[in-house]
Amino acid sequence: MIQGLKKWRLFALMTALLVFLSGCGREEISTLLPAGEVASDQFNLLILSSIVMAFVILVVTVIFILAIVKFRRSKLGEDLIPEQVEGSARLEFLWTAIPIVLLLILAVPTVYSTFDLADVSSMDVAAEDGSMTNLTVNVNAKLYWWEFEYPEQGIVTAQELVVPTGEKVYFNLISADVKHSFWIPSIGGKLDVNTDNVNTFYLTFDKESSELEDGVFYGKCAELCGPSHALMDFKVKSVTPEEFDQWVAAMQEEATPAEGELAQQGEQLFTEKTCIACHATSGVGKGGGVGPNVATFGDRNRVAGILEHNEENVKAWIQDPQQYKPGNLMPSPESLNNGEKFSEQELDALAAYLMSLSVEE
Ligand code: HEC
Ligand SMILES: [Cu+2]
């Protein structure tokens with residue numbers, strides 16, 4: 001009875017785990033649904049090594065079961081001594097050769113891909129007019145958000161990486177504080193983001209993110225970096241090269257003053273309350289901001305990388321950033337507003353202003 005119950009418990013646990021596994025299938029964030037060449041290469045290596053390992057397990061299990069069935073003592077009697085095979089040259093050759101072959105099958109594509117995926121030699125190739133042939137993005141990781149600088153284009157953004165599809169995009173990774181790791185599960189990675197050296201690699205984006213359920217790919221920090229590490233998310237918009245050029249051009253334009261009374265009030269508060277000291281509102285510029293650049297805030301998919309993108313959440317964040325990302329470096333409202341929380345009216349104005357910042361049509 002107890003025995004039977006135990007089996008049922010195990011069965012129930014396995015069923016519950018299956019439900020979790022069904023979460024592995026989301027295109028925005030699954031390494032099992034690669035959406036770029038790098039991710040495909042990594043996925044194929046994963047499949048290859050899984051097949052090799054499964055093959056070994058299968059063969060060993062079959063031999064093991066055969067041995068216990070065939071040589072049961074109750075069947076063959078107490079005193080039977082099976083044929084002795086020690087020193088058999090044939091067998092020893094076989095079980096040396098098979099692992100060598102298996103290791104070669106694993107090693108050759110793995111080593112080849114490792115070097116191929118780390119090849120950034122064409123990164124600095126310039127076209128005849130001196131402009132770079134390939135897009136390079138400098139990624140600055142900070143507790144707990146991501147800044148993306150496009151040095152050739154002279155623009156900078158945060159929280160959302162925008163890239164063209166169908167070409168290699170090169171990344172220079174550097175951290176402003178502690179070690180992080182840059183990872184876009186459906187596209188490729190992870191690569192460590194260090195404080196004292198720049199790590200470089202490339203990714204390709206083969207699918208437009210607008211085709212995805214959420215409209216963006218999900219990016220993650222994959223290196224434990226502090227209490228809000230699990231909340232250090234970013235999003236990726238992959239668009240056609242034409243749309244990308246339009247986006248860059250819009251980013252390069254001067255920011256226009258806010259329209260509408262509420263948003264204008266918000267713009268004024270943004271300066272008065274010194275938000276502007278940490279948050280740049282123009283897309284033109286270099287990396288190194290204390291807080292995320294908000295030039296594209298209205299186009300974003302999340303607030304602070306994690307909260308659903310609506311005015312309620314913008315207000316909630318401003319009123320108590322620590323509640324949403326413990327340990328993050330945005331000051332409390334009291335320290336920006338003479339020791340007091342912002343009034344509902346001020347929050348409305350700030351949210352209206354932030355939401356009006358947009359470069360997309
Ligand atoms: C001392 C610098 C600093 C000041 C001043 C500051 N912030 Fe921030 N802010 C930050 C940092 C750092 C973050 C990123 C927090 C994180 O995600 O880890 C942030 C994040 C945000 C975000 C989310 C950004 C995004 O891209 O989703 C909003 C909105 C925001 N701040 C609004 C404000 C407003 C409004 C003010 C003024 C009342 C203000 N901040 C003042 C540093 C600052
Ligand atoms: Cu982290």
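The model is predicted: local features need pLDDT of at least 70, side-chain atom pairs count only at pLDDT 80 or more, and totals for chains, interfaces and linings use all residues. Residues are numbered from 1 along each chain as its sequence is written, chains are lettered from A and ligands numbered from 1 in the order written, and side-chain values use heavy atoms, without hydrogens or water.

**Stop 1: ligand 1**

Now show the polar contacts (pairs of N or O atoms within 3.5 Å).
- A304: a polar backbone atom is 2.6 Å from an oxygen atom of ligand 1.
- H279: a polar side-chain atom lies 2.8 Å from a nitrogen atom of ligand 1.
- Q159: a side-chain N or O atom is 3.2 Å from an oxygen atom of ligand 1.

**Stop 2: the pocket**

Ligand 1 sits in the largest pocket. "Sits in" means that more than half of its atoms lie within 2 Å of the pocket's grid points. A pocket is an open set of points on a 1 Å grid over the protein atoms alone, where a 1.4 Å probe fits, with protein on both sides within 12 Å along at least five of seven lines; lining residues have an atom within 4 Å of a point. The volume of the largest pocket is about 590 Å³. Its lining has 33 residues, and H279, G291, P292, W317 and M330 are the closest to the centre. Next colour α7, α8 and α11 (344–356), the elements that each give two or more residues to this lining. Helix α8 gives the most, with three.

**Stop 3: the backbone**

Most residues other than glycine have a negative phi, and most peptide bonds are trans.

Go to L143 and Y144. A cis peptide bond joins them, with omega about -10 degrees. Y144 is in the loop between β1 (135–142) and β2 (145–150).

Move to T274, in the loop between α6 (261–272) and α7. Its phi is positive, near 60 degrees. T274 is partly exposed, because its relative accessibility is 43% (buried is under 20%, exposed over 50%, partly exposed in between; 1.4 Å probe, protein chains only).

Finish at N338, between α10 (333–336) and α11 in a loop. Phi of N338 is positive too, at about 50 degrees. N338 counts as exposed because its relative accessibility is 74%.

Key
Polar contact = N/O pair within 3.5 Å; in protein donor to acceptor, adjacent residues only side chain to side chain. Points joined across faces, edges and corners; volume = space filled by probe spheres on them. Helix = DSSP H or I, 4+ residues; strand = E, 2+ residues; numbered from the N terminus.
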